[in-house]
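Please examine the sequence and the model displayed below.

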Amino acid sequence: MSKFKIDLDVDSTPILDRVIEAYGFTQKLQLAEHLDMAASSLSSRYKRGIFPAAIVVRCAAETGANLEWLATGRGPKFDDDELDILKVPRRKIVDGQLYEAGLLMLDKVAFLPGKPLPQKPMCIIDGFMQYIVDQSFSEVYDDDWLVEVEGKTSIRTLTRIPVGKVRISGIGMAFDCAIDDIKIIGRVVLTVK
């Protein structure tokens, strides 16, 4: 670890904002809940001109974020050479639409050995399930996929059938259509229940 200077009499707002970013949260309330503190207590930490050392150290320990980046904003956010963690953007399906939902830190050992890691991963939250979807694929084959059908996004099971068609099942009634009639966003590579 390199040496760097920390100013202890500093505006804590950008530091706490970096902590939120390192955790992958999108709101201050999420950080307050994670730290098991009242939202008003976190709000007062934002207003103080004091370096939030305990929060910064805990964040570095829990996320692997670079301490210098958390404290000063300089340097890389994560030392990827030292981490075996994938930082995966999260999206939540609400009424068939995708909305941003922060970032998921996922240990690479969660994937089966011998299988390639997803090249362009995205985490999809659908109800009480989370799916890791690889948006990088060369061919569509029988499996679970993130698809858009008539403007609505969902996780569906696709089964290839002859002459460029696909059977779509998983929610409601199964149906057949041309593969070009749907937008295929990515293949489900991991499901977390």
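At what angle do helix α1 and helix α4 pack, and how far apart are their axes? The model considered here is a predicted one. Helix α1 comprises residues 12-23 and helix α4 comprises residues 53-63; the two pack at an angle of about 20°, and their axes lie 10 Å apart. Because angles under 35 degrees count as roughly parallel, α1 is described as roughly parallel to α4. The crossing in which α1 passes α4 is left-handed.

Which residues make this contact? From α1 come Ile15, Leu16, Val19, Ala22 and Tyr23. From α4 come Ile55, Val56, Arg58, Cys59, Glu62 and Thr63.

Attention now turns to empty space. Rolling a probe the size of a water molecule over the atoms shows where such space is left. In this model, the largest pocket holds about 410 Å³ of space. Its lining consists of 21 residues, of which Lys115, Pro116, Arg187, Val188 and Val189 are the closest to the centre of the pocket.

Which elements give two or more residues to this lining? They are the strands β5 (143-149) and β9 (183-192). Strand β9 gives the most, with five residues.

Key. Residues numbered from 1 in each chain as written. Predicted model: local features only at pLDDT ≥ 70, side-chain atom pairs only at ≥ 80, totals over all residues. Heavy atoms only, no water. 1 Å grid on protein atoms, 1.4 Å probe; cavity = no way out; pocket = protein on both sides within 12 Å on 5 of 7 lines; lining within 4 Å. Points joined across faces, edges and corners; volume = space filled by probe spheres on them. Helix = DSSP H or I, 4+ residues; strand = E, 2+ residues; numbered from the N terminus. Axes fitted to C-alpha atoms, helices over the stretch in contact; angles between N-to-C directions. Parallel < 35°, antiparallel > 145°, perpendicular 65-115°, else oblique. Left-handed = near helix turned anticlockwise from the far one by under 90°. Contact = heavy atoms within 4.5 Å.
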